[in-house]
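Reader: I'd like to go through this one with you and check what stands behind each label. Can you put it up first?

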Amino acid sequence: MARLMVSELFVSIQGESSFAGWPCAFVRLAGCPLACRWCDSLYARQGGEPLALDQAVAWAAGQGVELVEVTGGEPLAQPASLELISRLCDLGRTVLVETSGALDIAPVDPRARVIMDVKCPSSGMHERLHRPNLEALQPRHEVKFVLAGRADYEYARAMLTEHGLARRCQVLLSTVHGQLAPAQAVEWMLSDRLPARFQLQLHKYIWPGQERGV
Ligand code: SF4
């Protein structure tokens, strides 16, 4: 029986994608090979409790919500996450997979929607991007840049242009909470007429300071 290392299971609203605001069942898997400077899920980078794959599927299916997100940590670091994603798709759920971009997204079930970070320089992890992922992006997927300053914004703008990202999937920009004023990032975007969607991390405004379960 396949097992997962799980950091937490909870129902909240989806906070940062084009699905933001919808009720969502979250399966947060434990463990991550990265160490982002702005990590807001430090507790999920290691540890976790073992859970049978069947139990994880049953929990997600039993929450009465249509949207399920498999997140982390880095969910794709656990091979059994791929089966979890497929099983949830089999049940007809809309499945979001939130990933750091450092691991191959090609094996993810094509029915799932990948929300892929492209880490910016201030995170210290931008060189860990698995570059073939940029070519694997499909229209149902979304890429997300989280900005801490002007250098990050310029990096995101260059990546959009160089890889034609806006033509291929939805592009999301947001700010590191407390590091860059949203108004400043929006001003830069509007000035450049950047073809991207700005978003706030909703859960950080609804439940300020609360780390887990949101
Ligand atoms: S990829 Fe996510 S969980 Fe991993 S260190 Fe970065 S922010 Fe934290």
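Reader: Where in the fold is R131 placed?

Author: R131 sits in the loop between strand 6 (113-117) and helix 3 (132-136). Helices here are DSSP runs of H or I with at least four residues, strands are E runs of at least two, and both are numbered from the N terminus. Before we go on: residues are numbered from 1 along each chain as its sequence is written. Also, this is a predicted model, in which local features need pLDDT of at least 70, side-chain atom pairs count only at pLDDT 80 or more, and totals for chains, interfaces and linings use all residues.

Reader: Why is R131 called exposed?

Author: Count C-beta atoms, placed from the backbone: 20 or more others within 10 Å of a residue's own means buried, 12 or fewer means exposed, and in between is partly exposed. R131 has 9, so exposed is the label.

Reader: What makes L82 partly exposed?

Author: L82 has 18 C-beta neighbours inside 10 Å, so it gets the in-between label. This residue is in helix 2. Skipping residues up to four places away in sequence, L82 touches P107 and V108; contact here means C-beta atoms, placed from the backbone, within 7 Å.

Reader: And why is A30 called buried?

Author: A30 has 24 other C-beta atoms within 10 Å, so it's buried. It's found in the loop between strand 2 and strand 3 (49-52). Beyond four places in sequence, its contacts include M5, V6, A44 and G73.

Reader: What is the phi of R193, and why is R193 called exposed?

Author: Phi is near 50 degrees, a positive value in a residue other than glycine. Most such residues have a negative phi. R193 has 6 C-beta neighbours inside 10 Å, so it's exposed. Its loop runs between helix 6 (182-192) and strand 9 (197-198).

Reader: Which residues have the most contacts inside the largest nonpolar core?

Author: V27, V68, L84, I85, V95, V97 and L147, in a core of 53 residues. A core like this is a set of buried Ala, Val, Leu, Ile, Met, Phe, Trp, Tyr and Cys residues joined through C-beta atoms within 7 Å. Its largest share, five residues, comes from strand 2 (residues 23-29).

Reader: Which residues meet where helix 1 packs on helix 2?

Author: L53, A56, V57 and A60 from helix 1 meet A80, E83, L84, R87 and L88 from helix 2. By class, that's seven nonpolar, no polar and two charged residues.

Terms used:
Contact = placed C-beta atoms within 7 Å. Nonpolar A, V, L, I, M, F, W, Y, C, P; charged D, E, K, R; others polar.
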